[in-house]
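Colleague: I would like to learn how to read a model like this one. Can we take it feature by feature?

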Amino acid sequence: MILARALAPALALAALFAVPAFAQTPAPATGIEEALRIARDNGVAQVTKIELDDGKWEVEGMNASQRKIEIDIDPATGKVLKTETR
């Protein structure tokens, strides 16, 4: 009984400072520099925006004809998933 009373504050303190373990998202195999290179190789002459969103690199910019272009790239493989020119 005395041991239980002695452990109670220690357990309460441990519970108070317990931090849940969060899984870290691994870095994509295709980094931002590689995504930019792939986008340029696929017609993006000027990049206006690049972000890793919804599990893919999304690159927006202008092509050589000054038309808007958007390219989605798979960060795991570097494969171009979609190209859209407006």
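The dialogue below goes from the overall layout to the core, a helix and the charged pairs.

Modeller: One caution before we start. This is a predicted model.

Colleague: Begin with the layout. How many helices and strands are in the chain?

Modeller: Two helices and four strands. Along the sequence they run α-α-β-β-β-β. The chain has 86 residues, and 23% of them count as buried. Its accessible surface is about 6400 Å², with 58% of that belonging to carbon and sulfur atoms.

Colleague: Now the core. Which residues make up the largest nonpolar core?

Modeller: The general idea comes first. In soluble globular proteins, nonpolar side chains tend to be buried together. Here the largest nonpolar core has nine residues: Ala35, Ile38, Ala39, Val44, Trp57, Val59, Ile69, Ile71 and Ile73.

Colleague: Turn to the helix. Which residues of H2 are buried?

Modeller: Ala35, Leu36, Ile38 and Ala39. Look down the axis of H2: these buried residues fall within an arc of 165 degrees, so they line one face of the helix. On the other side, Glu33 and Asp41 are exposed.

Colleague: What covers the buried residues of H2?

Modeller: The cover includes strand E1 (46–53), E2, E3 and strand E4 (80–85). Check the end of the helix too. Glycine 43 follows H2, and its phi is positive, near 110 degrees.

Colleague: Now a charged residue. Is lysine 56 buried or exposed?

Modeller: Buried means under 20% relative accessible area. Lysine 56 has 18%, so it counts as buried. Lysine 56 is found in strand E2. Its side chain makes a polar contact of 3.4 Å with the side chain of glutamate 58. Leaving aside neighbours within four places in sequence, lysine 56 is in contact with Glu51, Asp72, Ile73, Pro75 and Leu81.

Colleague: And salt bridges? How many does the structure hold?

Modeller: Eight. Read each one by its distance, its place in the chain and the exposure of its partners. Start with arginine 37 and aspartate 41, whose closest N and O atoms are 2.4 Å apart. Both residues lie in helix H2, four residues apart, about one turn of the helix. Arginine 37 is partly exposed at 39% relative accessible area. Aspartate 41 counts as exposed at 52%.

Colleague: Where do lysine 82 and aspartate 72 lie?

Modeller: Their side chains meet in a salt bridge of 3.8 Å, N to O. Lysine 82 is in strand E4 and aspartate 72 in strand E3, ten residues apart, and the pair links distant parts of the chain. Lysine 82 is partly exposed, with a relative accessible area of 35%. Aspartate 72 is buried at 10%.

Colleague: Which residues do salt bridges with shared partners join into one network?

Modeller: Shared partners join Glu70, Asp72, Lys82, Glu84 and Arg86 into one network. Arginine 86 is partly exposed at 46% relative accessibility. Glutamate 84 is partly exposed as well, at 30%.

Methods:
Residues are numbered from 1 along each chain as its sequence is written. This is a predicted model: local features need pLDDT of at least 70, side-chain atom pairs count only at pLDDT 80 or more; totals for chains, interfaces and linings use all residues. Side-chain values use heavy atoms; hydrogens and water are left out. A nonpolar core is a set of buried Ala, Val, Leu, Ile, Met, Phe, Trp, Tyr and Cys residues joined through side-chain atoms within 4.5 Å. Buried means under 20% relative accessible area, exposed over 50%, partly exposed in between (1.4 Å probe, protein chains only). The arc is that of the directions from the helix axis to the C-beta atoms. Contact means heavy atoms within 4.5 Å. Accessible areas come from the Shrake-Rupley method with a 1.4 Å probe; for residues, only the protein chains shown count as cover. A polar contact is a pair of N or O atoms within 3.5 Å; within protein, one must be able to donate a hydrogen and the other to accept it, and residues adjacent in sequence count only if both atoms are side-chain atoms. A salt bridge is a side-chain nitrogen of Lys or Arg within 4 Å of a carboxyl oxygen of Asp or Glu.
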